[in-house]
Amino acid sequence: MALKMADFKTDVHNDWCPGCGDFGIVNAIQMALAEMGVERDKTAIFSGIGCSGKTSHYINTYGVHTLHGRVLTFAQGAKIANPEMTIVAVGGDGDGLGIGAGHFVAAGRRNVNMTYIIFDNGVYGLTKGQASPTLKLGEQTKSLPSPNTNYNVNPIGLAVASGFTFVARGYSYDVRHLKDLIIQAVNHKGLSFLDVLQPCPTYNDLNTRDWYAGTDLMDEAQKRHSRIYKLEEHGYDPEVHYNEEAEVNERLTQALIKSLEWGNKIPIGVFYKNEIITPYTTRLKDKIPNYMENPPAKQNISKNGISNTDISHILDSLEV
Amino acid sequence: MSSTDFTWLIGGPQGSGVESGANIFSRVCAEMGYQVFGKREFYSNIKGEHSYFAVRISDQKINSNVNDVTLMASFDAETIFRHYNEVISGGGIIYDADLEDVATDRVHTLDAPFRERLHKTLESKNKPFSIAGVLEIAKENGVKLYPVSFKAILEALAEETENPRLKGLVRMFNVIGVSLSLGLVKMPPDSLQKTIGTIFSKKKEIAKINQQTANYSYNYATAKFEEFHHTLTGIQKEPGTLLVQGFQGTALGKMACGCRMQPYYPITPASDESVFLESNEILEMIDDRPGSTAVIQTEDEICAMGMTIGSALTGTRSATCTSGPGFALMTEMLGWAGINEVPVVITNYQRSGPSTGLPTRHGQDDLLFSVFAGHGDFPKIVYASGDVEESFYDTGNVFNYADVFQVPVIHLMDKFIASSVVTCPRFDSSKITINRGKLLDKVEGEYERFAFTEDGISPRSRLGLDNGIFWDTGDESDEKGHITEDPVLRVKMMDKRMSRLDLILKEIPETEKVVSFGVEDYTVITWGSSKGPILDAIDMLKKEGISIGLVQIKLLHPFPGDYVTSLLKNAKIIIDVEANHSAQLGKLFKQNVQRDIDYSILKYTGRAMTSTEIYDSLKKIVENKADKREVLMHGA
């Protein structure tokens, strides 16, 4: 029987602030999982630390709430050991691009077939609103004693430069669009990254829902001009179609340039997609021919409680 | 009793083939039936600094190196400067005659403190500050000198084989040194030729040049060198003898016991183990399709540990391998594995700390750090192996402990073991039992990962198992694994996890906790690789009618205090021997056995203990001439 969105909800009390952008993301994940028809017990949500870290408890699949900045390390280990799992890792922008930035870059190089979603709100919410890596230099959100002294990380640009093979941005209040992006990301063959703009109603008083909706940009006719627009509606083609340096470079450069757009026009949608680069699992298969059929998690390692690994040929080579 | 006890030392700049020279020598000796105990010392450097290999050969079981060198083969000046005074009277030094005039200040890799000590010695004996000077001292000590021009050998060989390329092939110096040595001690030459053939079996051309060089040098020694007092002509070979490198014990143990995932970050002296695992990543299985180990090089040790845990959550036996600095980075995750009851194994090949310390040198520095690693209270096991052979079987055991008790296990190894090359009986993987504890193959009914049970251990599902959904979190959690801050549940969960420490002490057999080699009035306690030199030192004392006991503690956390107390009740004097500054085992002992350590024998030069120096200290203790804290200093 096909599972419904409700089947992916747990009865754990959700303690996010009223109006938090995180709700839209968790709903979109649940909708996407239901629509894709994944099996609950072949799916795992890995999460980092902070408000977004609680996501795994709200979704009725395997859930692994890890450590600050380290979610990708746990998630990749699980996926490599058991490649039949559908794995979605989630975390905040402080988690993934601050303390976890090294893992973010390394994960891109590895291209393990899974999805990483960053809840991007510009602040460290759970520690009461300090500046996070995506907050712009000089900006002062409400609990900062003085304006931010650091330049911001560009998550899309960093992902593209690090080797992520699917890079997209969603908006937490456009749940349907976000759900579609999640489905594309999960179905992508390789490591997919989704930067989700997610207003923190409690601590980020700059990038609010109204700000994204462009209520401050109303013209004389009282017509709203949402800051957010969809790349796919503007003829943007993110995909690397053939394996030639010029083609790859063009798509990469285009994505980088698009990633710099901010202010009154903020693009969402897929920035970059490259399925020509092999996922990590394929690279392992090149070394270990039966890796996909007999991955670490599936191997028999004993017979009647005794080792059934035959190391005799190695011992022979060491014998004198 | 006539017995062979011979130490051969080869030295040279890093990258000049010292290690492969020692491999050839060790293998020839092992092939000829001898027991071999070799140890490699090297700087944290790729090329140029001094490295050396001391290979001890015996017809009896040996567990350590000794201070005395019987024969030294050197093809550079630094080796002579550093080791000339280790060669015994009646021993020999084979050296490159072209080096005689080299002065100490021409060897830039002789560091200042060493040069100063050397100059002092030379000055006091009125000798020139040169190779000639130190060799004069050696000669006065009764050492036989065997000068030979390595270059001239290559030239003669080039002419004989009509291969002018050989003339400048200085990388043959190691093979020349080995072959001259073997010729001098009258080792049958076939074994040398055969060993070179085996070592270079994949490179026929290189094998041939090496064999020619070996043959010429061997014959040169037998024809031109003056008679040497010591010979190694071969003895009856024990069937089923391995010549293994220290890191291969845990690696082969991991293959045999079903460890199928090893993420790691490169660090000396641990990475050799991972590289060896990856070199043998495809595994033959009895009556089954091939298996494999996924060895993943990560961006740092934090990722290595995270991946290990993630993999373990899928039910895969998973481990990482590191050294102190890397282990330090893993400790936050160790607590995560603890609170989530994840079985993982961390193999820690310790080195000298603190910080980067002596990065390529030995130390048993991480005992207390391992016992107390991680913030907060959580159960874990700290277990130490005493030698390569033990480490193979112990690896099987520590994975069982991890699975059965659902705790992280820190398996302590060290640099001394990692870079030793020893003969030992062939490993028997049919002795590796596999106990996965309460790991589930299927789930029926409602499942709770952290359900309360009588023994405090919950049935364990794995990611991907039908109906086995669970949640993990580094927060305190309820039975399902969801976050809780309820004070009552918190206490129940904490008590459940921590009760495992008692269970571990109850369930692990005593023979796996502690090995007693006999308890006497004077009894040594130790852990890890110090065992070998202690055993040999005790053997030496026994021959003089002095009996000393030894208790090797393998399970260090939770500490088997009651068992150790009862074992040692008849010991009058307790002597703690270990390779660190603060007598870390002594501290644990005092805490858990409520008894004082009478003497400590400690070494923290970064060099492994020799049996000679432990013998000296133990003898002083028995004669009541020792300090409470004996600090050992031997080794270049």
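Visitor: In what order do the six strands of the open sheet in chain B run?

Guide: This is a predicted model. The order is 18-20-19-22-23-24 in chain B, and the pairing is mixed.

Visitor: What makes strand 18 and strand 24 of chain B edge strands?

Guide: Strand 18 (514-516) and strand 24 (629-632) of chain B each pair on one side only. The twist averages 20 degrees from one strand to the next.

Visitor: How do you know that strand 19 and strand 20 of chain B pair?

Guide: Pairing requires at least two bridges. Strand 19 (residues 522-526) and strand 20 (residues 549-553) of chain B have four bridges, in the parallel sense. They therefore count as paired. B:T526, for example, has B:Q552 in strand 20 of chain B as its bridge partner.

Visitor: Which helix packs on that sheet, touching strand 19, strand 20 and strand 22 of chain B?

Guide: Helix 19 (residues 531-543) of chain B does. The direction of helix 19 makes about 170 degrees with that of strand 20 of chain B.

Visitor: Which strands form the open sheet of seven in chain B?

Guide: The order is 11-8-12-13-15-14-21, again with mixed pairing. The edges are strand 11 (294-297) and strand 21 (555-557) of chain B. Neighbouring strands are turned by 25 degrees against each other on average, direction ignored.

Visitor: What makes strand 14 and strand 21 of chain B a pair?

Guide: The cut-off is at least two bridges. Strand 14 (residues 381-384) and strand 21 of chain B have two bridges, in the antiparallel sense. That meets the cut-off, so they pair. B:Y383 has B:L555 as its bridge partner in strand 21 of chain B.

Visitor: Which helix packs on this sheet, and at what angle to strand 8 of chain B?

Guide: Helix 9 (residues 248-257) of chain B packs there, with its direction at about 135 degrees to that of strand 8 of chain B. Helix 9 of chain B touches strand 8 (259-264), strand 12 (317-322), strand 13 (344-350) and strand 15 (408-414) of chain B.

Visitor: Why is helix 1 of chain B called roughly parallel to helix 6 of chain B?

Guide: Helix 1 and helix 6 (residues 173-184) of chain B cross at roughly 30 degrees, and their axes come within 8 Å. Angles under 35 degrees count as roughly parallel. Hence the label for helix 1 and helix 6 of chain B. This crossing is right-handed. Among the residues that meet are B:G21, B:I24 and B:V28 of helix 1 and B:G177, B:V178 and B:S181 of helix 6 of chain B. The contact divides into seven nonpolar, five polar and no charged residues.

Visitor: What makes helix 6 of chain A roughly antiparallel to helix 9 of chain A?

Guide: Helix 6 (residues 155-162) and helix 9 (residues 245-259) of chain A pack at about 160 degrees, with axes 8 Å apart. The antiparallel label needs over 145 degrees. So helix 6 of chain A is roughly antiparallel to helix 9 of chain A. Their crossing is left-handed. The contact involves A:I156, A:G157 and A:V160 of helix 6 and A:L252, A:A255, A:L256 and A:S259 of helix 9 of chain A.

Visitor: How many residues does each chain give to the contact between chain A and chain B?

Guide: Chain B gives 70 and chain A gives 55. Helix 11 (residues 301-312) of chain B gives the most to its side, with eight residues. The side of chain B has 33 nonpolar, 23 polar and 14 charged residues.

Visitor: In what sense do strand 13 of chain A and strand 9 of chain B pair?

Guide: Strand 13 (residues 309-310) of chain A and strand 9 (residues 282-285) of chain B pair in the antiparallel sense, over two bridges. A:D310 stands opposite B:E284.

Visitor: What scores does the model have?

Guide: The ipTM is 0.98 and the pTM 0.97. Chain B has a mean pLDDT of 97.

Definitions and conventions. Residues numbered from 1 in each chain as written. Chains lettered and ligands numbered in written order. Predicted model: local features only at pLDDT ≥ 70, side-chain atom pairs only at ≥ 80, totals over all residues. Contact = placed C-beta atoms within 7 Å. Nonpolar A, V, L, I, M, F, W, Y, C, P; charged D, E, K, R; others polar. Axes fitted to C-alpha atoms, helices over the stretch in contact; angles between N-to-C directions. pLDDT = per-residue confidence, 0-100. Parallel < 35°, antiparallel > 145°, perpendicular 65-115°, else oblique. Left-handed = near helix turned anticlockwise from the far one by under 90°.
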